[in-house]
Amino acid sequence: VGTGASNTAAIVAGCSESGIAARICNDLVLNGYNDWFLPSIDELKLMYQNLRVAGIGGFALADYWSSSERSSNYAWDQYFWNGSQGEGSKNGASYVRAVRAF
């Protein structure tokens, strides 16, 4: 917990590809805030446990990307349909939830 912002910065610095989850979050400006990031796998787990389970946040029953790398080809996903976690191919598609620290 607490590594999502630094993970996002590292991903953006190391990958110039547009449309990646980390860049979408990093470039987001919403309600006057521009400090959004892609959460780490542990941050997503807390979001599942404290928000999704309580019916808060409008989460889809789907896989969400984290900023936590599993390997050079895989990143960790949080499954918001059952609370488990797994690896997703970086070439695959998953949902994205931008967050900010407060």
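Is aspartate 35 exposed, partly exposed or buried? Aspartate 35 is partly exposed, its relative accessible area being 36%. The points below concern a predicted model.

1. Aspartate 35 and arginine 100. These two side chains form a salt bridge, with an N to O distance of 2.7 Å. The pair joins distant parts of the chain, 65 residues apart: aspartate 35 belongs to the loop between α2 and α3, and arginine 100 to the segment after β3 (85–89). Arginine 100 is also partly exposed, at 23% relative accessibility.

2. Glutamate 69 and lysine 90. Three salt bridges are found in the whole structure, and one of them is between the side chains of glutamate 69 and lysine 90, at 2.4 Å from N to O. Glutamate 69 is in strand β1 (residues 63–69) and lysine 90 in the segment after β3, so that distant parts of the chain, 21 residues apart, are linked. Glutamate 69 counts as exposed because its relative accessible area, 53%, is over the 50% cut-off. Lysine 90, with 37%, is partly exposed.

3. Arginine 70 and glutamate 87. A salt bridge is also present here, the closest N and O atoms lying 3.0 Å apart.

4. Nonpolar cores. The largest nonpolar core has nine residues: Val12, Ala21, Ala22, Cys25, Trp36, Leu38, Trp65, Ala75 and Ala98. Helix α2 (residues 21–26) supplies three of them, the largest share. In soluble globular proteins, nonpolar side chains tend to be buried together.

5. Cysteine 25. Setting aside residues up to four places away in sequence, cysteine 25 is in contact with Trp36, Phe37, Leu38, Val96, Arg97 and Ala98. Cys25, Trp36, Leu38 and Ala98 are among the members of the largest nonpolar core.

6. Serine 40. This residue is located in the loop between α2 and α3 (41–52). Serine 40 counts as buried because its relative accessible area of 1% is under the 20% cut-off. Apart from neighbours within four places in sequence, serine 40 touches Val1, Thr3, Gly4, Asn7, Ser66, Ser67 and Ser68.

How values were computed. Residues numbered from 1 in each chain as written. Predicted model: local features only at pLDDT ≥ 70, side-chain atom pairs only at ≥ 80, totals over all residues. Heavy atoms only, no water. Core = buried A, V, L, I, M, F, W, Y, C linked by side-chain atoms within 4.5 Å. Buried < 20%, exposed > 50% of the residue type's maximum accessible area, 1.4 Å probe, protein only. Helix = DSSP H or I, 4+ residues; strand = E, 2+ residues; numbered from the N terminus. Contact = heavy atoms within 4.5 Å. Salt bridge = Lys/Arg side-chain N within 4 Å of Asp/Glu carboxyl O.
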